[in-house]
Amino acid sequence: MSRAEDKKVIRLISEDGLRVDGRRPDELRPIKLEVGVLEKADGSAYVEYGRTKIMAAVFGPREIHPRHLAISEKAVIRCRYHMAPFSTEQRKSPAPSRREIELSKVIREALEPAVFTEYYPRTSIDIFIEVLQSDGGTRCAGITAASLALADAGIPMKDLVASVAVGKVDGVVVADLCDVEDKYGEADMPVALMPKFGEITLLQMDGNLSQSEFEQALQLAVESCQTIYGKQREALLNRFVQVEV
Amino acid sequence: MASIVVSQRQLVLPGELLAEGPKVRAGENTYRVGDKIYSSRIGLVNVVKNTVSVIALRGSCYLPNVGDTVIGMVVDVGLNGWLVDIKAPYNAFLPLSEVSDKPINPKRDALPKVLDVGDLVLAKVIAFDRTRSPLLTIKDKGLGKLQGGHLVEISPTKVPRLIGKKGSMINMIKRETGCRITVGQNGLILVSCKRRGLESLVEVAIKKIEEEAHTTGLTDRIMEFLRRNQRRAGGGDVVEPSRG
């Protein structure tokens, strides 16, 4: 990242149409998903989108504290997105920043439609998302991880939620932006999807896209989420097949 | 056109299509959207007649059901009853009137003498509608304060597996070890044996059932495990059998 800055000239797409890390525009970073990595949590997952590394833990449904936050007809979902001090190039203060508080809310709202909260009134479901290493797309990787952790905790869900960022760099619509592309590209658009029903639970955009580019980007996001969804399912199934042998 | 698209005992995930058509009924841990039935949790498919349900494999939370027998720990003594932790998201209430037929007068009798904080009780859920705390009773036969033994905790979703079909699993363990085992639907189990070593053997066996709940032929494997370890002198040091 600093190397790119030193050169002053940033070429996000090379002459042969490849991106800074050598990917094709519609190619995702290598994705690794693992379920059930923490013993103390009711459900947990570890996710890697290339160099972005995220751990998610879920507790609940459990008794809510403080009590006055309880909702009498459904469970309260509480979400904390947090970046570890060592996750970025410059040390990040561990105190929750404005950005982290906002992302916590955005992630919670991306997951809420998938959870049957009405099954557990007056309880809370607590989601903790810890960014261990950040290289762009952390909110999307966080949603992917948290939805795996929710399923692992045995919380009734409509569907898993898969998420990926798409955007535009050097005039090309690309999938799964890394940090450099996010910073110096023209647009960044995180999307979360319940793939079974094609329901979008998160759609944000930063930068500029024409209408046709937007449609192209959204299409790419949906396809990428389907790919990730396949891997999520595989990761969940693996957890149980292993024991069987 | 009613059809179930998954096979019996198949491992399914949230959002997985189980059945189509209006004639199939949606059982536990499933939900219906229009004509289609989907799974809402990780689990194994269970088809009985035309009802498709999912036996959950994960879940730490116990949701009380009226009629369930549970093991709870007294966490507070109130003026007219006790608050009992039954491992649900809600504390259960055991009112004075549900403790004994003899009237207990809170003015005269000290409630902590009947049940004190930390006591274990085997109780039955008599009321729960999700809007109020569950109510317990210990008046029925066999219910009441539990004394002695070793408390084992497992995920409540695994309790049916521990009991087995018509009690096959739990009766086998009782037969093999001669221990008294009290199972609460909420995942708390009290094991009391003649020897302490036997109690830890049963605990390991129970944990093993919890871990391998979704595998087939488990009862036979547990039986073999118990026999092999009991033959060892004392039975105090339990050796995990190697897999494979």
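## Basis

In this predicted model, local features need pLDDT of at least 70 and side-chain atom pairs pLDDT 80 or more, while totals for chains, interfaces and linings use all residues. Residues are numbered from 1 along each chain as written, chains are lettered from A, and side-chain values use heavy atoms, without hydrogens and water.

## Helix α5(B)

Helix α5(B) covers residues 218-231; helices are DSSP runs of H or I with at least four residues, strands runs of E with at least two, numbered from the N terminus.

B:Leu218, B:Ile222, B:Phe225, B:Leu226 and B:Asn229 are its buried residues (under 20% relative accessible area; exposed is over 50%, partly exposed in between; 1.4 Å probe, protein chains only). These residues lie on the same side of α5(B), because their arc around the axis is only 95°, taken from the directions from the helix axis to the C-beta atoms. B:Asp220 and B:Arg231 are exposed on the other side.

## Packing against α3(B)

The buried residues of α5(B) pack against α2 (159-163), α3 (168-177) and α4 (196-211) of chain B. Residues of α3(B) that meet α5(B) include B:Met169, B:Met172 and B:Ile173, where contact means heavy atoms within 4.5 Å.

The axes of α3(B) and α5(B) are 10 Å apart, at an angle of about 15°; axes are lines fitted to C-alpha atoms over the stretch in contact, and angles run from 0 to 180 degrees between N-to-C directions. The two helices are therefore roughly parallel (under 35 degrees).

## B:Ser53

B:Ser53 is in strand β8 (residues 51-56) of chain B. B:Ser53 counts as buried because its relative accessibility is 13%. Beyond neighbours within four places in sequence, its contacts are B:Gly27, B:Glu28, B:Thr30, B:Leu44, B:Val45 and B:Asn46.

Technical notes:
The expected span of a helix is 1.5 Å times one less than its number of residues. Angles under 35 degrees count as roughly parallel, over 145 as roughly antiparallel, 65 to 115 as roughly perpendicular and the rest as oblique.
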